[in-house]
Amino acid sequence: LEERLAAIGRRLVGAEALEIGARDGSLLALLKAKGWDTVGIDPMQRYASWAKRHHGVEIRDGYFRAGAFAGQRFDLIVAFHLIEHIDAPMPFLAAVRGACRNGALLYLETPNAACLQQRQLISTHPILYSRGTLAQLLEHAGFRILAMTDRAPGGVMTFDQLAVLAELCEGPGPGDWESVDAFDSVREWVVRSLRENFPYAPPGLQNRIFQSARRLFGEPGAT
């Protein structure tokens, strides 16, 4: 983080930091030694007592979601190899944005879809990102990319990792993401979209696509 920020003329100044998926608290301990007020969150409770005993850092038990740190805002939020485990990243990033102060930094590491390895293709990785898709996701969520590399710093087997440093953009973020209840209007939009994108498709193709999806996923899932 210090190297990346130095390259763009910024400094990592101690303030308040949150690590999502903090595990044993190693990073929080490093930040604390540099003067940061730190806290982490992790669903595996055994990490909390270990981190408190060995590093003197606080890790809360549970999953990060909107309101998990009500009333608190952070200057730095970090998540290592977490976002690829989330099948709905926009609500997650909206919650991250809600926990950020103005100008806060977000640092993520995640597998690189352009350098696939067998260890990445597991059922708990519902989404893998390329440089482009990760940048697009973060920008759509209200963050500005400051630096990105497809070689994560340090450790082993880092040639297939993405590391991205982003900054919270000023102004209002995207609205809350909710499921659409108006099923008929969504279905009409899907049919129209298929017709516009496949203008020379045989008659009834769009309907057969939908019927096949409905058999697999049910009607709301198919839409």
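This is a predicted model: local features need pLDDT of at least 70, side-chain atom pairs count only at pLDDT 80 or more; totals for chains, interfaces and linings use all residues.
Select α2, residues 26-33, and colour its buried residues, which are L27, L28, A29 and L31. Showing their surroundings brings up β1, β2, α3 (45-55), β3 (59-61) and β4, against which these buried residues of α2 pack. Just past the end of the helix, stop at G35, whose phi is positive, at about 100°.

Next, select L18 and hide its neighbours within four places in sequence; the residues that remain in contact with L18 are V39, G40, I41, F64, F69, F74, L76, I77 and V78. L18 also belongs to the largest nonpolar core, a set of 34 residues in which L18, I20, F64, I77, V96, L138 and F143 have the most contacts. Among the elements that each supply at least two residues of this core are β1 (16-20), α5 (131-140) and β7 (161-168), while α4 gives the largest share, with 5 residues. A second, separate core holds 14 residues, including L27, W36, L76 and Y107.

F80 sits in strand β4 and Y107 in strand β5, 27 residues apart, so that the pair links distant parts of the chain. F80 is partly exposed at 29% relative accessible area, whereas Y107 is buried at 5%. Finally, select F64, F69, F74 and F92, which ring pairs link into a cluster.

Key: Residues are numbered from 1 along each chain as its sequence is written. Side-chain values use heavy atoms; hydrogens and water are left out. A nonpolar core is a set of buried Ala, Val, Leu, Ile, Met, Phe, Trp, Tyr and Cys residues joined through side-chain atoms within 4.5 Å. Buried means under 20% relative accessible area, exposed over 50%, partly exposed in between (1.4 Å probe, protein chains only). Helices (H or I, at least four residues) and strands (E, at least two) are DSSP runs, numbered from the N terminus. Contact means heavy atoms within 4.5 Å. Rings of Phe, Tyr and Trp (its six-membered ring) pair if their centres lie within 6.5 Å; planes under 30 degrees apart count as stacked, over 60 as edge-to-face and the rest as tilted.
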